[in-house]
Amino acid sequence: MQNETPIRDLAHIPARLRPIMAALCEVGAELSHTIQRGPLGGALGAEVGVNTDGDGQKALDVMADEAFGARLRSASVRWYASEEQEEVVELDPEGAFALAIDPLDGSSNIDVNVSIGTIFSIYEAKDEANASFLRPAQEQIGAGYIIYGPQTMLATTFGKGTQLYLMDPDSRQFVLVNPAVKVSQSSQEFAINASNYRHWSKPVRAYIDDCIAGEEGPRASNFNMRWVASLVAETHRILSRGGVFLYPADARKGYEHGRLRMVYECAPIAFVIEQAGGLATDAQDPILPQSARELHARTPFVFGSPDKVSRVAAYYDLPEQEVSALFGKRGLFRA
Ligand SMILES: O=P(O)(O)OC[C@H]1O[C@](O)(COP(=O)(O)O)[C@@H](O)[C@@H]1O
Ligand SMILES: [Mg+2]
Ligand SMILES: [Mg+2]
């Protein structure tokens, strides 16, 4: 049964952002229900078009975008920037906020019953649509994600730590379960799409080679690997038990800046992770001081436990011959 108040504990949410958060949670709860019904509610994973980035659009991508856009109209959102829309949409000319959204993240997992999510980022609205989003990511006033997994959860930050809420499936209310999430320092897990190994730069190969070399290698420790192909799911795992995520730039055409989009994927996840004591970079420099070049611009993205993220950057700082020497000696995947 749908409850009147979609979030039970409001103390951590600034009063003026509560209508936006209520709207996001209401639509999130509906999506969670739709996702749980899976094929009983229609072909959610059916390809229905192509978005501005050239990615195939699934039925659920479009459904989620329409539902968020419609509900946020009455939540003081002036500018709405979505992965699924080429341009920024004006929702309420009187609205005070600009909201960027990846309505459905990890769409390749819709049909295989694996965790997917919604990512959002909130700024004060400026008079001009694009200028409201093409600005330093550290100007975000709120960010977070909803994960639709075995449990539906919300992770948010408003600049005072990261909070975690669990949706009670009976009442569909989001209930605070952790008021101060902290990224663990101790995990020995890395996440990267290793099928792209041959396309990576030398620093990335050297970093991963050293992880894979385990106890016998320079790290003198065994590592585990995970790749869900849902940024939200990888973020949630790292918030829960630490580790490092990498989606670097690579040599494939169109991947000069990696795959993930700055405005509605990397900026909000960076804010959530850093407020939980982690680090987020473009492999070398922090994400939060950076601005997107354009609405759907990509950026390389590395985040997680601070020691691991800093170590990745250190591999880029090694002189070229030194990385080559390391790479030559340690290249376990060499064809
Ligand atoms: O298929 P790849 O190259 O491993 O990319 C996986 C990445 O792409 C994404 O699915 C992109 O998100 P969308 O589903 O919103 O397009 C990320 O969630 C994930 O980290
Ligand atoms: Mg995404
Ligand atoms: Mg998406």
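Tutor: Donors are N, O and S atoms within 2.8 Å of the metal, and because water is not among the atoms, a site may look incomplete. Please keep in mind, too, that this is a predicted model.

Student: With that in hand, which residues coordinate the magnesium ion (ligand 2)?

Tutor: The magnesium ion (ligand 2) is held by Asp102 and Asp105, each through OD, together with Glu265 through OE, at 1.9 to 2.1 Å. Read along the chain, the donors of this ion follow the spacing D-x2-D-x159-E.

Student: Which residue bridges the magnesium ion (ligand 2) and the magnesium ion (ligand 3), and how far apart do the two ions lie?

Tutor: The bridging residue is Asp102, and the two magnesium ions that it joins lie 3.7 Å apart.

Student: Is Asp102 buried or exposed, and is Asp105 buried or exposed?

Tutor: The cut-off for buried is under 20% relative accessible area. Asp102 has a relative accessible area of 1%, so it is buried, and Asp105 counts as buried because its relative accessibility is 5%.

Student: How should I read a pocket, and what is the volume of the largest pocket here?

Tutor: The general idea is that rolling a probe the size of a water molecule over the atoms shows where empty space is left. In this structure the largest pocket has a volume of about 430 Å³, and 30 residues line it, with Gly106, Ser107, Ser108, Ala229 and Arg259 lying nearest its centre. The elements that each give two or more residues to this lining are strand S2 (56–58), strand S5 (97–105), helix H4 (231–241) and strand S13 (244–247).

Student: How does the lining of the largest pocket divide by class, and which domains does it draw on?

Tutor: Its lining has eight nonpolar, nine polar and 13 charged residues, and at least three residues come from each of domain 1 (15–178) and domain 2 (189–330).

Student: What can be said of the second largest pocket?

Tutor: The second largest pocket holds about 340 Å³ of space and is lined by 19 residues, of which Ile35, Gln36, Ile110, Asn113 and Val114 lie nearest its centre. Helix H1 (residues 18–37) gives the most to this lining, with three residues, and by class the lining has nine nonpolar, nine polar and one charged residues.

Student: Where is Ser115 placed, and is Ser115 buried or exposed?

Tutor: Ser115 sits in the loop between S5 and strand S6 (116–124), and it counts as buried because its relative accessibility is 16%. Beyond its neighbours within four places in sequence, Ser115 is in contact with Asn109, Ile147, Tyr148, Gly149, Pro150, Ser230 and Ala233.

Terms used
Residues are numbered from 1 along each chain as its sequence is written. Chains are lettered from A and ligands numbered from 1 in the order in which they are written. This is a predicted model: local features need pLDDT of at least 70, side-chain atom pairs count only at pLDDT 80 or more; totals for chains, interfaces and linings use all residues. Side-chain values use heavy atoms; hydrogens and water are left out. On a 1 Å grid over the protein atoms alone, a cavity is a set of points where a 1.4 Å probe fits but cannot get out, and a pocket is an open set with protein on both sides within 12 Å along at least five of seven lines; lining residues have an atom within 4 Å of a point. Grid points are joined across faces, edges and corners, and a volume is the space filled by probe spheres set on the points. Helices (H or I, at least four residues) and strands (E, at least two) are DSSP runs, numbered from the N terminus. Ala, Val, Leu, Ile, Met, Phe, Trp, Tyr, Cys and Pro count as nonpolar, Asp, Glu, Lys and Arg as charged, and the others, Gly among them, as polar. Domain bounds come from an automatic or database domain assignment. Buried means under 20% relative accessible area, exposed over 50%, partly exposed in between (1.4 Å probe, protein chains only). Contact means heavy atoms within 4.5 Å. Donors are N, O and S atoms within 2.8 Å of the metal (3.2 Å for Na, K and Ca); water is not among the atoms, so sites may look incomplete.
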